[in-house]
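Dear colleague,

I am passing on the structure below, and I would be grateful if you looked through it before reading my notes.

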Amino acid sequence: MAWGPVTNTAQKDTFAQHVSALGHQQNLVRGALSRFRSRGFKNAPTDATRVLRVALTTSMLKARAELPESDFERFLDWIVDVVNTTTPELRSQPIRYDFLSGFASKCPRTSLERELLWIAHRIAREASAINAFVSGVSAVQQHCLEGRYDGALAALSDITDAFGQSYWAVQLRVALEHAVGGLEQQKRFTDEVRNQFRRGLLSYITYYSSVRNEDRTTLPRFVEMIEQRIAKTKYDVDVRRYLRYRLFCAWPSSATGIADVLRLEQNHSIIDVYETFIGALQHILTRPEFAEFRPQILRVAALLAPIADFRVSKLR
């Protein structure tokens, strides 16, 4: 944003708060980059890149709650520029499962309205990458329509090579592995994913996604089983909401609950963020109790104008 002359005390205070908030968030990013470049990371580059990606994700999660909306675009442009300038080697390092290693601790909650606008700004900033993803999805879908599931697997691999693993890709691949090689091939892939992080949500979600895909599983029985399993976990309410969404696409009934799902999803790949965001917008538009958010969705649709996805065009 352009900073004009400040003429009174109230304006000076607001100006100072904006500068302070932006500067604080930038310093958090600089600290993460400095740690990445320190000697302690040089002996384990794979672990170091994951640590840095998680740290940058955490910084953005904090920024979305603390920055004024007028600084969203400025901060997102800045973080891309500073990362590319100071750590150009990061772009050449494969992403793999880096964005599925867990949730950031002490991630602040914020309103649904703010979540929608922040994510829209993020996606608009990533329009070129998102359009490449949408094109890749079309290739996967075309192979599936033609019954060429091996081709669909290859097209999905192209997506994961470019963007790293995501929950969207893992869950889709579970189904495609089964279509190509049956239950045994599905289970081999499931075991491979679960071995990445033996504890945490990746193993949990992958296992039950595999169970869901078995021929003998019916949706009503699966939902009942998952509800029982979730009730026995020690996960917080927001994580339980996320698991219901991720495993059987059940959206929370409140704006706070939807905001929780969006907040937790932002720990993951931009692909997961995008797909969950589109799902949230579609859900909000179909529910009369969320009518108050329709003006925000129109603003979101305007921000997403560069995205070549028919689902986005239907938001307008």
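The sulfur of Cys144 is 18 Å from the closest cysteine sulfur, that of Cys249, which is too far for a bond, a disulfide being a pair of cysteine sulfur atoms within 2.5 Å. The structure holds 0 disulfides. Cys144 is partly exposed, with a relative accessible area of 26%, whereas Cys107 is buried at 14% (buried means under 20% relative accessible area, exposed over 50%, and partly exposed in between, with a 1.4 Å probe and protein chains only).

Please keep in mind that this is a predicted model, in which local features need pLDDT of at least 70 and side-chain atom pairs count only at pLDDT 80 or more, while totals for chains, interfaces and linings use all residues. Residues are numbered from 1 along each chain as its sequence is written, and side-chain values use heavy atoms, with hydrogens and water left out.

Asn131 lies in helix α5, residues 127-145 (helices are DSSP runs of H or I with at least four residues, numbered from the N terminus). Asn131 is partly exposed, with a relative accessible area of 24%, and, not counting residues up to four places away in sequence, touches Pro306, Ile307 and Ala308, where contact means heavy atoms within 4.5 Å.

Finally, the contact between helices α8 and α9 is made by Tyr204, Tyr208, Val211 and Arg212 of α8 and by Phe222, Met225, Ile226, Arg229 and Ile230 of α9.

Notes
Helix = DSSP H or I, 4+ residues; strand = E, 2+ residues; numbered from the N terminus.
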